[in-house]
Amino acid sequence: MSSPAKRRKKNDYNASNRPVRSLDSFFAKQKDAANGVSKSNEPKIPQKITQFQDKGSGKAHEAAMTDEELARKLQEEWNNEDLDADANNSNEASDTRETTRANGISEDIVEPSLDKPELLKTSANKNLNDNQESTPLKKHVLSLQSAAAEEDTVSANLPFDQSPLEFDPTKSISDLQKQWVSDGGNATYALLTRCFVLVNGTQSRIKIVDTLVNLLRTIIEGDPESLLPAVWLATNSISPPYIDLELGLGGSAISKALKKVCGLDNTGLKTLYNKYGDPGDVAFEAKKRQSFTLRKPKPLTIKSVFDSLIKIANSKGQGSQEVKQRIVERLVQDARGAEESRYIVRTLVQHLRIGAVKTTMLIALSRAFLLSRPSNATFPVQSRESLRMLRKESLTELYSKNEEIVKACFARHPNYNDLIPILLEIGVCDELLLRCGLSLHIPLRPMLGSITRDLGEMLTKLQGRDFSCEYKYDGQRAQVHCDDQGQVTIFSRHLELMTDKYPDLVALVPNIRGEGVSSFILEGEVVAIDHESGDLKTFQTLANRARKDVVIGSVKVNVCLFAFDLMYLNGEELLNRPFRERRELLRSLFVEIPNHFTWVKNLDATSADAEAVLEFFKSATAIKCEGIMVKVLDDLPNPDLQADVDSADNEQAQPPPTPQKTVKGAKSKRKTKSITGNTNEKDAPATSSRRKALLATYEPDKRLDSWLKVKKDYNTSADTLDLIPVAGWHGQGRKSKWWSPILLAVRNAETGTLEAVTKCMSGFTDKFYAANRAKYDPDNEEESNTLHGKPGYVEYEGGNPDVWFEPQEVWECAFADITLSPTYTAAIGLVSDERGLSLRFPRFLRVREDKGIEEASEARFLAGLWRKQEAREPRREKKVEEEDAEQEEEY
DNA sequence: GTCTTTTACCCAC
DNA sequence: ATCAGACGCATTCGG
DNA sequence: CCGAATGCGTCTGATGTGGGTAAAAGAC
């Protein structure tokens, strides 16, 4: 065994901005089974008896338990029940609980419009009555059987997965409440589930929003206290990222729970997971096949599920895994019906996959509060009818105004804990921005730059405006808050709290305040640096810093903060000031501390300065920056006046001054076409006349063309590698029908082997995936192009791919950097004896039809690229050392 | 029991 | 970080 | 003049690399 395979993932943000975690560990135990190591009598008897209608997937032996075993099992279960009751601080007696809950069940699950609610209800009640007098064990058995019977009936007659009820828009909210909020007054998890099902079943964004609005309205009017947990659950986040509340739960806990609760064995689990690529779907299938269960499910409410998550997040220390496991299993058991199981599991892995996350939720919130308010609130709401009366334009305008308010609040104060209570109190109004806006020590969501292929595209996007170019250092983005007391808080790009990671910066930051500066929020890039020489270090070096319990004395990787923006100063928001002004304040009121704090290197230019910009870009890459950021400096003086002037000139700034595009209804028929004929540039279409004006303001949480990210590897002229696909894995989620990711290798001419260099999942079209899956098809007897097991000539120890390809084609791939790898062996021995090389940000470009595998890139070539990359002198970025013959950028 | 190794999570890009 | 797909909207095109 | 086609912006989801860290599992 050599290098342990590492796994992780990250995604850009979802609602919480918390990237989605990898589920590779879903199969942690799989390997054991495959190797025959499985501790065969470990999982065994699930806590409930299961039967599978499907042959193959289930385990017959479990259904064949003897009565004795069953009794023992049940006793065990019974004991567990007590334990759990204690653990839950529940003082209800179990049987009482079950009684009340049972009523809840039929209420929740039965829809008025469905056929046999009454019948079900009575049958449930009858069973409960039967339970009344019995010995504990017997009573338990009976109750279990009753639950089983009920579940059986339910899944036979009222499956969640078939024709879930619509949120009928003609129904009043109070009708919906009756349907969805149980007698106890708490919104049920079934309500959420139903909403997820509806949302998941549509591709229409409009319908998704409508469904969410109905959900939110129901909760707002029926059970406002559940609104916050509901929003948390629906957006996969139990807290804002900067509050340390992690589930610490991944695929492995889920797969264990599924095995135990649903009686799946490794094979069944693996089969299902390979097929669906989503643990929730596995749970769904497993539950669907289960004809009955012994354990009485305890109906889930939004709050109870949320409380369970909190409990999971809060359990730490030795034995915590087991505690978490128990809660997870309990939740999975308590899920009634297949759909609820699916979404409970997806909730647990914090990956709902319903096509609605942050933005959609914010939109839905803004609309829900237009129509609904909690009973104790007094803000005005409108009726559906009054909205229907509105002209289309006015409605759009009303919607978009409210959306903008809510989005703006969340961008400045991304914390549902604060936003939701205020919304419940005052609804969506201008005051919301005051009550829930930018504050010190609360991060705002960063403004982002849109990626830009090359300088030509850059100039086009800039529409002729004056701009500033800045080095894009390869480090970590940091948002630094400092109050007048000198207390400092540092946030990462994804708003994680980084204060503890950078005690050196915390000590430094109060000292960068110049005359008259007390409190501020600024943004910059933290880069590893040699404090003596000022040489910039690589990103990999920075990543080596410890993260927790860092004390200043023990810091081994020194850093420098390169500031580039200022959003808040002495109690005043600067977001609406143009960039030139913010930058001026940043540069004049703060003091440089060489090699500790400074500003990003910059060059101001106009579209006439293409050459200087190119030089600047080159100088940036020469000191190992990723490229440059380009930012619009000024707002348009008076956008309205410009309107008529420049539609003739594509390069010119554009008219629409109003951020709300909706206002355009009036006369904006404008001179759409005009003289576009004169344009010879392909990328300046006639449509440019309706482009939005570039903003020089700081627009939190937006990715606009007023900030452009130009990186060296975006360009087609960057180095690429011609790699050979050698293996693949079953994809997850929407890619579950294909191989993804795919393992790529370089050729080693000396040894004749293929050395794995990276996995790749980006850059493939769905069409390509489909063709690829058909080409490498292990089930195709005649022409499968796959191998049984790893061929000896492939070097890869990082895991067990689901399929090995017969090497036969060459793919051209792009990447940002070459990294020294702990897992991959490509070019090992050529640059390092212990480590091979791999790629940062690999992506597929195209098939090299013209190349055979014997023409694929060689390990030696890769090593050569690595040396070239390392050869770029890390130079001081100011006070250039004199030896620079190579380039000369700014003065 | 204590120390070391491995795993599975978290986070940066 | 990366990229592709899907939707919605506005404008343009085809008949 | 209206429906279909097209272009653009926005949102969503699937998963790449390296490395740190807490807790579990293994070694003695």
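Chain A contains 29 helices and 21 strands. The model is predicted.

## Exercise 1

Classify the aromatic pair formed by Tyr473 and Phe562, and state where each residue lies.

**Solution.** 
1. A pair of aromatic rings is described by the distance of the centres and the angle of the planes.
2. For Tyr473 and Phe562, the centres are 4.1 Å apart and the planes make an angle of 20°.
3. Planes under 30 degrees apart count as stacked, and the pair of Tyr473 and Phe562 is accordingly stacked.
4. Tyr473 belongs to the loop between β2 (467-472) and β3 (476-482), whereas Phe562 is in strand β6 (residues 559-569); the pair links distant parts of the chain, 89 residues apart.
5. Tyr473 has 1% relative accessibility and therefore counts as buried; Phe562, at 2%, counts as buried too.

## Exercise 2

Determine the geometry of the pair Phe768 and Trp811, and identify the aromatic cluster that includes both residues.

**Solution.** 
1. The ring centres of Phe768 and Trp811 are 5.3 Å apart, and their planes meet at 70°.
2. Because an angle over 60 degrees counts as edge-to-face, the pair of Phe768 and Trp811 is edge-to-face.
3. Phe768 is in helix α28 (residues 766-775) and Trp811 in strand β18 (residues 811-814), so placed that the pair links distant parts of the chain, 43 residues apart.
4. Both Phe768 and Trp811 are buried.
5. The cluster consists of Trp738, Phe764, Phe768, Tyr769, Trp811 and Phe844.

## Exercise 3

For Trp707 and Trp729, name the lysine that lies over each ring.

**Solution.** 
1. Over the face of Trp707 lies Lys631, at 4.0 Å from the ring centre.
2. The ring of Trp729 has the charged end of Lys759 over it, 4.7 Å from its centre.

## Exercise 4

Is Ser255 buried or exposed, and which residues does Ser255 contact beyond its neighbours within four places in sequence?

**Solution.** 
1. Ser255 is located in helix α11 (residues 251-262).
2. Its relative accessibility is 3%, and Ser255 therefore counts as buried.
3. A polar atom of the Ser255 side chain lies 3.1 Å from the backbone oxygen of Ser252.
4. With neighbours within four places in sequence left aside, Ser255 is in contact with Phe26 and Leu269.

Notes
Residues are numbered from 1 along each chain as its sequence is written. Chains are lettered from A and ligands numbered from 1 in the order in which they are written. This is a predicted model: local features need pLDDT of at least 70, side-chain atom pairs count only at pLDDT 80 or more; totals for chains, interfaces and linings use all residues. Side-chain values use heavy atoms; hydrogens and water are left out. Rings of Phe, Tyr and Trp (its six-membered ring) pair if their centres lie within 6.5 Å; planes under 30 degrees apart count as stacked, over 60 as edge-to-face and the rest as tilted. Helices (H or I, at least four residues) and strands (E, at least two) are DSSP runs, numbered from the N terminus. Buried means under 20% relative accessible area, exposed over 50%, partly exposed in between (1.4 Å probe, protein chains only). A charge sits over a ring if NZ of Lys or CZ of Arg is within 6 Å of the ring centre and within 35 degrees of the ring normal. A polar contact is a pair of N or O atoms within 3.5 Å; within protein, one must be able to donate a hydrogen and the other to accept it, and residues adjacent in sequence count only if both atoms are side-chain atoms. Contact means heavy atoms within 4.5 Å.
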